[in-house]
Amino acid sequence: VCASLDALLRLGAPVNVRVFVPLCENMPSGSAIKPGDVITAMNGKTIQVDNTDAEGRLILADAIAYASSFNPDVLIDVATLTGAIKVALGPGAAGVFCACDSLWQNFFEAGYLSGDRFWRMPLFRLYRRTMDGHLADINNIGKSRDAGACTAAAFLKEFVAAKYWAHVDIAGVMWNDDEVAYLSKGITGRPTRAMVELVERIASNGLLADRKSG
């Protein structure tokens, strides 16, 4: 995310971009969150924390709610969020969750041109229903391990107030062993090139159409 912002600045892209980077230290202590705790997010929704290892989505929820308060034309969150997306897609592509067909088309074309490919993932309502909580508005995990990347995306959607939003799970593409020949071994920086191409395309052409699916 930070590398994409730096690249857009260096390229002089004609676009107004705000970047929010939620960070916290994940350490045990006497005041650490425990399974069963209920917390209140920035937008007022309550969250039942049944898995303290699913903590990244908790800070992302507030970051998304805060970013939404600026009324962006497009809101995109990028995170190494779930091991489930790595199981689903491996290093071949980053998973994209979005309801807008036109936004997805921009993702697809940016990934194709840059070589940092994306693959569209589902945002069906049933994934949200698996997180119904009895102590709070929503649970931070689903009722089973099934579709872990999809339930994580459905969780984040609860905190979005922007008209156009996409969640990009990059956990499967952040590291390279020898799968991608033109990348060195280690942290890849993917999908920086694709994100820069995406933002430039949207800045130049818009979203082309106001269509949604799902």
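Okay, let's start with arginine 201 and glutamate 109, whose side chains meet in a salt bridge at 2.0 Å, N to O. By salt bridge I mean a side-chain nitrogen of Lys or Arg within 4 Å of a carboxyl oxygen of Asp or Glu. This one ties together distant parts of the chain, with arginine 201 in helix 7 and glutamate 109 in helix 4, 92 residues apart. Helices here are DSSP runs of H or I with at least four residues, strands are runs of E with at least two, and both are numbered from the N terminus.

Before I go on, this is a predicted model, where local features need pLDDT of at least 70 and side-chain atom pairs count only at pLDDT 80 or more, while totals for chains, interfaces and linings use all residues. Residues are numbered from 1 along each chain as its sequence is written, and side-chain values use heavy atoms, with hydrogens and water left out.

So, buried or exposed, that arginine 201? It counts as buried, at 17% relative accessibility. Glutamate 109 counts as partly exposed, at 25%. The cut-offs are under 20% relative accessible area for buried, over 50% for exposed, and partly exposed in between, with a 1.4 Å probe and protein chains only.

Staying with helix 7, that's residues 192–205. Its 14 residues should span 20 Å at 1.5 Å a residue, and the end C-alpha atoms are 20 Å apart, which agrees. The expected span is 1.5 Å times one less than the number of residues. Its buried residues are Ala194, Met195, Val196, Leu198, Val199, Arg201 and Ile202. Remember the general point that an α-helix has 3.6 residues a turn, so residues three or four places apart point the same way. What do the buried residues of helix 7 pack against? Helix 1, strand 3 (75–79), helix 4 (101–114) and strand 5 (118–121), where contact means heavy atoms within 4.5 Å. Just after helix 7, glycine 206 takes a positive phi of about 75°.

Now the partner, helix 4. It also has 14 residues, and reaches 20 Å from its first C-alpha to its last, close to the 20 Å expected. Its buried residues are Asp101, Ser102, Leu103, Trp104, Asn106, Phe107, Ala110, Gly111 and Ser114. Covering them are, among others, strand 3, strand 4 (94–98), strand 5, strand 7 (165–169) and helix 7. Then comes glycine 115, with a positive phi near 90°.

Back to charges for a minute. The count comes to nine salt bridges. One of them joins aspartate 101 and arginine 120 at 3.0 Å, N to O. Aspartate 101 sits in helix 4 and arginine 120 in strand 5, 19 residues apart. Arginine 120 is partly exposed, with a relative accessible area of 24%.

Another pairs arginine 190 with aspartate 116, closest N and O atoms 3.6 Å apart. Here arginine 190 is in the loop between strand 9 (186–187) and helix 7, and aspartate 116 is in the loop between helix 4 and strand 5, 74 residues apart. Arginine 190 is buried, and so is aspartate 116. There's also a salt-bridge network linking Lys45, Arg128, Asp132 and Glu158.

Next, the nonpolar side. A nonpolar core is a set of buried Ala, Val, Leu, Ile, Met, Phe, Trp, Tyr and Cys residues joined through side-chain atoms within 4.5 Å. Which members of the largest core touch the most other members? Out of 29 residues, Ile47, Phe97, Phe155, Leu156 and Phe159 do. Strand 2 (46–49), helix 2 (56–68), strand 3 and helix 6 (148–157) each supply at least two residues of this core. Helix 6 gives the most, with seven residues. Leave out residues up to four places away in sequence, and leucine 156 touches Arg57, Leu60, Ala61, Ile64, Asp77, Leu81, Trp165 and His167. A second, separate core has 19 residues, including Trp104, Phe107, Tyr164 and Ala194.

Last stop, tryptophan 119, which is found in strand 5. Tryptophan 119 is exposed, with a relative accessible area of 52%.
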